[in-house]
Amino acid sequence: MTAARRFPDGFVWGAATAAYQVEGATDADGRGPSIWDTFARTPGAVLGGHTGDLGTDHYRRFADDVALMADLGLRAYRFSVAWPRVQPTGRGPANQAGLDFYRRLADTLLAHGIDPVVTLYHWDLPQPLEDAGGWPARDTAWRFADYAGLVAGALGDRVPLWTTLNEPWCTAYLGYASGEHAPGVQDPARALAAVHTLNLAHGLGARAVRAAAGDAAQVSITLNLQVNRAASAAPADVAAKARLDRVANEVFLGPLLDGAYPEEVVAETAHLTDWSFVRDGDLDLVRTRLDALGVNYYTTALVAGVPDAAGPVPDPGGETGPADVQAASPAGDERPPANLVTGVRWLHQPGPRTAMGWVVDPSGLTELLLDLHRRRPDLPLWITENGAAYPDAVADDGRVHDADRIAYLHGHLDAVGAALDAGADVRGYLAWSLMDNFEWAYGYERRFGIVHVDYATLERTVKDSGHWYRRLATTGVLPAPDDAGPAADDAG
Ligand code: GBH
């Protein structure tokens, strides 16, 4: 038996949620409508016609939920602030009742020794701002900065780590290109304009947070960086991976870290847009001190080139990928919205999958963390989301035996440990999710929680993975996957 993996002292263990996925109470205390309220009501948009109207009722049950977090030994809770609670129309003065909720939540967390990690935007744009053009419209970046300043003014003394945006890739590409997410637009040119507005919003929002909360405020952004792998060393496959990396990852990392968009991406998306939405001085607005980078990680992708679609791509070696990865992808493999990148084919990856159809591949997490560390050795990294959906159910013994989730978490935490061993500066790990919740286009049909929610009664039941995670959080030592020991946890 190998020695158990011990995480560094001070490594922060926590869990994450997002406002629209858990809060419910969508009409309470002056909240305005968001694009997700509208989208969820669009027939066919969300599996089962589900909405976030009730969520997990976290808005009303937050005190019990915080007590549960404390019982799980968590030291950080990543939640998002619903913009339409703070500014019901997306502009103008703050709705005090909306801010008060987050102040109560933050105070309750702090009273339990749990740090609030606040995400300012996790996809719930006020509907009136969408009506005014949404994320493709430049003005939305300045609206976001105003909103960020209001929240930071109210919570600045209580929040050790701010995140401006959660996964702008999803906002831009799922919201405005594929239309799988709110507002359900299918227009890749507008999606690329949204990318730029989101980058501006980050830069302006980070400055607004520091202006309101003090320059010492720690500000981050959370990205879902794709780990794309080329199917072979053939130039066509390597080039396809590079094109995909640029349009998915570098359009965010480039401006944020290096103050520039990757040059090639303009030519590679010339069939969609001329990028005239980038104006002189914009990149200076985007780039600002980044105190940490949030990494959300779920899976990897395997890609090959399609020479015809991208024009003639020389392939001197004539090498192709192994036969077993040439089969067509089944649904569930990582796929960008149509049209954004040409000449890329997604290949089927063998191996276990979660209920989302995403292949389980922890090695990509080590790789990603080390790539980021090498690129910016001084930039602290946080895992702001990692986790898996499985078809959980409460068993006859009253427990949820989610051994598959424990195995997923164990593998990925071991991968984080490997990155730490190799020098990556990872400060904390926030499991997605604290509890089952509204999984966007999949409604309540996919469960990511380490705590089970019975949607008929809203009763919370700590899953075996939650008990296992408590052992990790309270000892800092990675337990074996079969060491869930609820009995031991109950005793301790
Ligand atoms: C995160 O997004 C969100 O931040 C969170 O709110 C959400 O509940 C959680 O993850 C679970 O979904 O191209 O369909 O084959 C997830 C971002 C982007 C990760 C797409 C997986 C590949 C899936 N996802 N990606 S697909």
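**Close-up views of a predicted model**

**View 1. Leu458, tucked away in a loop.** Leu458 has a relative accessible area of 9%, so this residue is buried. All the views here come from a predicted model. You'll find Leu458 in the loop between E12 and E13. Its phi is positive, about 65 degrees, even though Leu458 is not a glycine.

View 2. Moving on to Arg460, we are now in strand E13 (residues 460-462). Is this arginine buried or exposed? Its relative accessible area is 18%, and buried means under 20%, so Arg460 counts as buried. The side chain of Arg460 makes a polar contact of 2.9 Å with the side chain of Asp65. Leaving aside residues up to four places away in sequence, Arg460 touches a whole list of residues, among them Thr56, His58, Leu68, Met435 and Val453.

**View 3. Arg6, out in the open.** Here's an arginine with another setting: Arg6 sits in the segment before strand E1 (12-16). With a relative accessible area of 59%, Arg6 is exposed. What does Arg6 touch, not counting residues up to four places away in sequence? The answer is Thr475, Gly476 and Val477. Look for Leu472 as well: its C-alpha atom is 9.3 Å from that of Arg6, although 466 residues separate the two along the chain.

**View 4. Strand E1 and its two partners.** E1 is mostly covered, with 5 of its 5 residues buried. Val12, Gly14 and Ala16 point one way from the strand, while Trp13 and Ala15 point the other way. E1 runs parallel to strand E11 (residues 426-432), and 5 bridges join them. To find your place in that pairing, look for Gly14, whose bridge partner in E11 is Leu430. E1 also runs parallel to strand E2 (residues 76-80), this time with 3 bridges. There, Ala16 has Arg78 of E2 as its bridge partner.

View 5. E6 pairs with strand E8 (residues 300-305) in the parallel sense, over 4 bridges. Within that pair, Val227 stands opposite Thr300 in E8.

View 6. Why is helix H8 (residues 168-176) described as largely enclosed by the rest of the structure? Because 9 of its 9 residues are buried. Among them are Trp169, Cys170, Tyr173 and Tyr176. The cover over these buried residues includes strand E3 (115-121), helix H6 (127-131) and strand E4 (161-166). Helix H9 (188-213), strand E5 (219-223) and helix H10 (235-258) are also part of that cover.

**View 7. Helices H9 and H10 crossing.** Two packed helices are described by the angle between their axes and the distance between the axes. For H9 and H10, the axes come within 10 Å and cross at roughly 30 degrees. Their crossing is right-handed. On the H9 side, Leu192, Val195, Asn199 and His202 take part, and they meet Val247, Val251, Phe252, Pro255 and Leu256 in H10. By class, that makes 7 nonpolar residues, 2 polar ones and no charged ones.

View 8. Two cis peptide bonds are worth a look here. One runs from Ala182 to Pro183, with omega near 5 degrees, and Pro183 is in the loop between H8 and H9. The other joins Trp432 and Ser433, with omega about 5 degrees; Ser433 belongs to the loop between E11 and strand E12 (451-453). Trp123 is not a glycine, yet its phi is positive, near 85 degrees. Where is Trp123 found? It lies in the loop between E3 and H6, and at 7% relative accessibility Trp123 counts as buried.

Note on methods:
Residues numbered from 1 in each chain as written. Predicted model: local features only at pLDDT ≥ 70, side-chain atom pairs only at ≥ 80, totals over all residues. Heavy atoms only, no water. Helix = DSSP H or I, 4+ residues; strand = E, 2+ residues; numbered from the N terminus. Buried < 20%, exposed > 50% of the residue type's maximum accessible area, 1.4 Å probe, protein only. Contact = heavy atoms within 4.5 Å. Pairing = 2+ DSSP bridges. Axes fitted to C-alpha atoms, helices over the stretch in contact; angles between N-to-C directions. Left-handed = near helix turned anticlockwise from the far one by under 90°. Nonpolar A, V, L, I, M, F, W, Y, C, P; charged D, E, K, R; others polar. Polar contact = N/O pair within 3.5 Å; in protein donor to acceptor, adjacent residues only side chain to side chain.
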